[in-house]
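Subject: Structure for you to look at

Hello,

Here is the structure I said I would pass on. My notes on it follow below.

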Amino acid sequence: MELETTQLDKSYRIDLREKYSEKEYNKYFKKNHIGDWSLLRWKDVGKPYEVKKMSYDRVAWENEHNETMPVQTSWEYFNKSFHDWFIKDVPTELSESKSNFIKSLASFRPKEVKVALSDMVKIHLWNYAHRIEDGIWDPRGKRALFEGLDVQKPKILFLGAAEGYEAMQLAAMYPGAEIVMVDYDSFCRDVRFADFPERYPFLGENQATGGYKIYFKEDFSIEYIVEDIRNLPYQNEFDIVLSVGLIEHFPDELKPEAIDWHRKFLKPTGYAILTTPRSQLRSKLYYQIMADVMNHTYRELMTVEQMGLYIYENGFDILSHGYIKVHNAVIAKPR
Ligand SMILES: C[S@@+](CC[C@H](N)C(=O)[O-])C[C@H]1O[C@@H](n2cnc3c(N)ncnc32)[C@H](O)[C@@H]1O
């Protein structure tokens, strides 16, 4: 693994390219086109798009239990389902899905053909979105997003940490970081994080030389807490509070509480960093096709203007806003 190279593993991309031109699409783009957030109105930016199509598993659970699936249960379903895809041997599954599809055609049973076709489309889409394009982890976008923070050996709190990817990328860039990851689904700590590939390289800073250094999961100081964010014992003591794909799972009446979690544990001078999936046609298609994999919970797709306005209205000043490959991103400070 050399600097400035990229290569494909069977499940994911390794990407140690750091240099790119200003214009390159996959760099975090500090759009920063809104100068004064106090002038922005909801009637001008509209409200987020709600993804309505739920997974087969959620619909089946609700039919069986005759009630709405509890939120925490919906996360447990989501995390298991999503993890199954991260660990796929994609090249093998691509060829299996093709031969299953051809076999199904020979069966002359429309239902079988439909299922085989849908499986084939899903694995192709996953290969493209995660493995080829690296849209989910997006290390180049995340590095560009995280660069330039005024912190030394930061204490980082990752809310709804799942496998913990982004906090590890941050810690590579700010050596000596102490990370606290929080997720109330124990599967995230015990499987998603525990099984995160040991040899996945995070490109960060070499403090001795000021150049680059490659870090691995074992190099970071990480405490992983299985707890509801509402019950965390901390004061305002973190330099960075981070969430990736969290606030879009809260309808408007709960957003103030979810956004306030980012302030509660932050030093007055600290940074809140939030990302949410972008509201664009390709994301709408993705969540439609991947509904059985992804849609166990309430979910919105929003624009960076909508996201920033929620954060601004709930007591933060926006330092920068823009987007990476598939997410909007905002860096904010408590007002
Ligand atoms: C959509 S995921 C974050 C996306 C993540 N990057 C991934 O790859 O899945 C949000 C995470 O937040 C967790 N979560 C949601 N509400 C929570 C709460 N109140 N307390 C703790 N964890 C919570 C869920 O269990 C889930 O793992």
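The C-alpha centres of domain 1 and domain 2 are 27 Å apart. Please keep in mind throughout that this is a predicted model. The domain assignment puts residues 26-43 and 137-334 in domain 1, and residues 55-132 in domain 2. Where the two meet, domain 1 contributes 17 residues to the contact and domain 2 contributes 21. On the domain 1 side, the elements that give two or more residues are helix H8 (186-193), helix H10 (281-289) and helix H11 (291-294). That side is made up of 11 nonpolar, three polar and three charged residues.

Leaving aside residues up to four places away in sequence, Asp292 touches Ser55 and Tyr56. Asp292 is partly exposed, because 17 other C-beta atoms lie within 10 Å, and a residue needs 20 or more to count as buried. Val45 is 247 residues from Asp292 along the chain, and their C-alpha atoms are separated by 30 Å.

Overall fold

The protein has 12 helices and 13 strands. Its C-alpha trace spans about 65 × 50 × 40 Å along the principal axes. A compact globule of 335 residues would have a radius of gyration near 20 Å, and the protein has 20 Å, so the two agree. Of the 335 residues, 37% are buried. Taking contacts between residues at least 6 apart in sequence, 69% join residues at least 24 apart.

The ligand

Around the ligand there are 16 residues, and those that come nearest are Trp75, Gly160, Ala162, Tyr184 and Gly245. Which helix gives the largest share of this shell? Helix H3 (residues 71-86) does, with three residues. Both domains take part: domain 1 and domain 2 each supply at least three residues to the shell. By class, the shell has nine nonpolar, three polar and four charged residues.

In soluble globular proteins, nonpolar side chains tend to be buried together. Here the largest nonpolar core has 64 residues, and Ile156 and Leu242 have the most contacts inside it. Helix H7 (residues 165-173) provides the largest share of this core, seven residues. Not counting residues up to four places away in sequence, Ile156 touches Ala167, Leu170, Ala171, Ala177, Ile179, Phe238, Asp239, Ile240 and Leu242.

Helix H12 and strand E13

Helix H12 (residues 304-313) is mostly covered, with eight of its 10 residues buried. The buried ones are Val304, Gln306, Met307, Gly308, Leu309, Tyr310, Ile311 and Tyr312. They pack against helix H1 (42-45), helix H9 (255-264), strand E10 (266-277), strand E12 (316-323) and strand E13 (327-334). After H12 comes Gly315, which has a positive phi near 100 degrees.

Strand E13 contains Ala329. Ala329 counts as buried because it has 27 C-beta neighbours inside 10 Å, where 20 or more are required. Apart from residues up to four places away in sequence, Ala329 touches Tyr28, Leu145, Thr275, Gly322, Tyr323 and Ile324. Ala329 is also 81 residues from Glu248 in sequence, with 12 Å between their C-alpha atoms.

Two backbone angles

Two residues other than glycine have a positive phi. Phe108 has a phi of about 60 degrees, and for Asp134 phi is near 60 degrees. Phe108 sits in the loop between helix H4 (90-107) and helix H5 (110-132). Asp134 is in the loop between H5 and helix H6 (139-146).

Is each of these two residues buried or exposed? Asp134 has 20 C-beta neighbours inside 10 Å, so Asp134 counts as buried.

Regards

Key: Residues numbered from 1 in each chain as written. Predicted model: local features only at pLDDT ≥ 70, side-chain atom pairs only at ≥ 80, totals over all residues. Domains from an automatic or database assignment. Contact = placed C-beta atoms within 7 Å. Helix = DSSP H or I, 4+ residues; strand = E, 2+ residues; numbered from the N terminus. Nonpolar A, V, L, I, M, F, W, Y, C, P; charged D, E, K, R; others polar. Rg over C-alpha atoms; globule rule 2.2 N^0.38 Å. Buried ≥ 20, exposed ≤ 12 C-beta atoms within 10 Å, placed from the backbone. Core = buried A, V, L, I, M, F, W, Y, C linked by C-beta atoms within 7 Å. Near = placed C-beta within 6 Å.
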